[in-house]
Amino acid sequence: MRERLWPLLLFVALLGIAFYVSFQATLYYRLNRTSIAKEDSIAMQAGGLGILGRNVTLRDKLVNPDFKYSACVIDLRSGPYVVKGPAIDEYWSMAIIDRVGEAMFTASNDTSHKAGPYLVYATGYPAPESSSGYTLVKTTEPQGIVIFRILSNRENRPKLGDVEDELYCAPLRPIAF
Amino acid sequence: MGKFLLGAAVLLVTVMGAITTALFSLEITPPLPGGVAVSNWSVFDALATPDAGARRRAQWAKDAFGALPPKRALYFVRKVSDNGRDLEGGCRYQIVGTPPDAAWWSLTVYTEKLGAIASEGSPSINPDNVQLDDRGGYTVYVSGVQEPGNWLSSRSDGKILIVYRIYEPPSRLLKDLSSARLPAVQQSGGCA
């Protein structure tokens, strides 16, 4: 009896593992597909890779009306990027997120290095030869998106356009095509 | 041979079932699942971090792509009033609280599916436009008809939700989310 039961138990265990692995793989597939679609949308709004887009729509849901978003899709495989926030006292924030939307680095007017400039490079790629004048940031992934949140125009606050003029996101060296 | 084919068929059905279940679970899950309950609010302690499971991460990528991690911002979501009833569009509620210790904060009303609600007033209550009382607190009215003072529109068919954002939360709050002093949400009138 026991000898006949074992294959059945093994098969049931195999089914359980197959169900779990397939379930998780599907979720990760959807996570990646959703995120890549968002990244493509942001790059298109900005005008391409390594270009900072102003007033970018990050998503169509749950938008905070207090902020305007500027964003830049980065690819550190071709070399480091320079990223800079605005040197103002008003609240702003910057996040470098990976391709699935998870934060690899964040800064704001509340953090120690504040506006930067930051020299961003990825784990597994060579560190910049010279980083004088920059705060070095090492990301866990080479591809991602830099997102700035700037408060919308309001009375007695710096004008949005002036603040956006202070933002910077571009490769340290021009991208070769 | 027959047993082998039967086994392969059962395995295939299991895999297909898992894929369908995963896709279906993402579709039927209400927006922003998986928060930690604090009073009647739900807060996302692992947003924009790899600490959450695949299902929450996939759902957040859909609903909240680009959201900040907790150390930069805490997002509290409220779907029910203090008496536990769902928040309904067009109904009148009052949100009573005090401004948090933060670089920026805001209260915003959304549709159940996280869409914006059109309003002739301000789309959010925040440090720039909040009117405080003598004790330093605020009362925000959420209703279908514009009101003087702190007002947010609830003019929407179906259910609504309130999002309370705290930017640059103090470290003591991050260590103990249950210590957050969160606004009360009480029904205070009928529905338009």
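In the predicted model, strand E2 (residues 81-84) of chain A pairs with strand E5 (residues 118-122) of chain A in the antiparallel sense over 3 bridges. Strands (E, at least two residues) and helices (H or I, at least four) are DSSP runs, numbered from the N terminus, and two strands pair if DSSP finds at least two bridges between them. Val82(A) has Leu119(A) as its bridge partner in E5(A). E2(A) also pairs with E8(A), again in the antiparallel sense, over 4 bridges; here the bridge partner of Val83(A) is Cys169(A).

This is a predicted model, in which local features need pLDDT of at least 70 and side-chain atom pairs count only at pLDDT 80 or more, whereas totals for chains, interfaces and linings use all residues. Residues are numbered from 1 along each chain as its sequence is written, chains are lettered from A and ligands numbered from 1 in the order in which they are written, and side-chain values use heavy atoms, with hydrogens and water left out. The predictor gives the complex an ipTM of 0.84 and a pTM of 0.86. For chain B, the mean pLDDT (the predictor's confidence in each residue, from 0 to 100) is 87, and 96% of the residues reach 70 or more.

Cys169(A) is also joined to Cys72(A) by a disulfide, with an S to S distance of 2.2 Å; a disulfide is a pair of cysteine sulfur atoms within 2.5 Å. The structure holds 1 disulfide over all chains. Cys72(A) lies in strand E1 of chain A and Cys169(A) in strand E8 (residues 168-171) of chain A, so that the pair links distant parts of the chain, 97 residues apart. The torsion about the S-S bond of Cys72(A) and Cys169(A) is about -70°, and the disulfide is therefore left-handed.

Strand E1 of chain A belongs to an open sheet of 4 strands with the order E1-E7-E3-E4 and antiparallel pairing. The edges are formed by strand E1 (67-75) and strand E4 (103-108) of chain A; each has a single partner strand, so one side of each is left without a neighbour in the sheet. The twist averages 15° from one strand to the next, taken between axes fitted as lines to C-alpha atoms, with angles running from 0 to 180 degrees between N-to-C directions. Within this sheet, strand E3 (residues 92-97) and strand E7 (residues 143-151) of chain A are joined by 6 bridges, and Met94(A) stands opposite Phe148(A) in E7(A).

A search of the whole structure finds 11 salt bridges over all chains, a salt bridge being a side-chain nitrogen of Lys or Arg within 4 Å of a carboxyl oxygen of Asp or Glu. In one of them, the side chains of Glu39(A) and Arg99(A) meet at 3.1 Å, N to O. Glu39(A) lies in helix H1 of chain A and Arg99(A) in the loop between E3 and E4 of chain A, so the pair ties together parts that are 60 residues apart in sequence.

Helix H1 of chain A spans residues 2-46 and includes Val12(A). Together with Leu5(A), Trp6(A), Leu8(A), Leu9(A) and Leu10(A), Val12(A) makes a nonpolar surface patch of about 630 Å². Patches are made of residues with over 30% relative accessible area and no salt bridge, nonpolar side chains (Val, Leu, Ile, Met, Phe, Trp, Tyr) being joined within 5 Å and like charges within 9 Å; accessible areas come from the Shrake-Rupley method with a 1.4 Å probe, and for residues only the protein chains shown count as cover.

In chain B, 4 strands form an open sheet of mixed pairing in the order E8-E7-E4-E10. Strand E8 (151-153) and strand E10 (184-191) of chain B are the edge strands, each pairing on one side only. E8(B) runs parallel to strand E7 (residues 138-143) of chain B, to which 3 bridges join E8(B), and Trp151(B) is the bridge partner of Tyr141(B).
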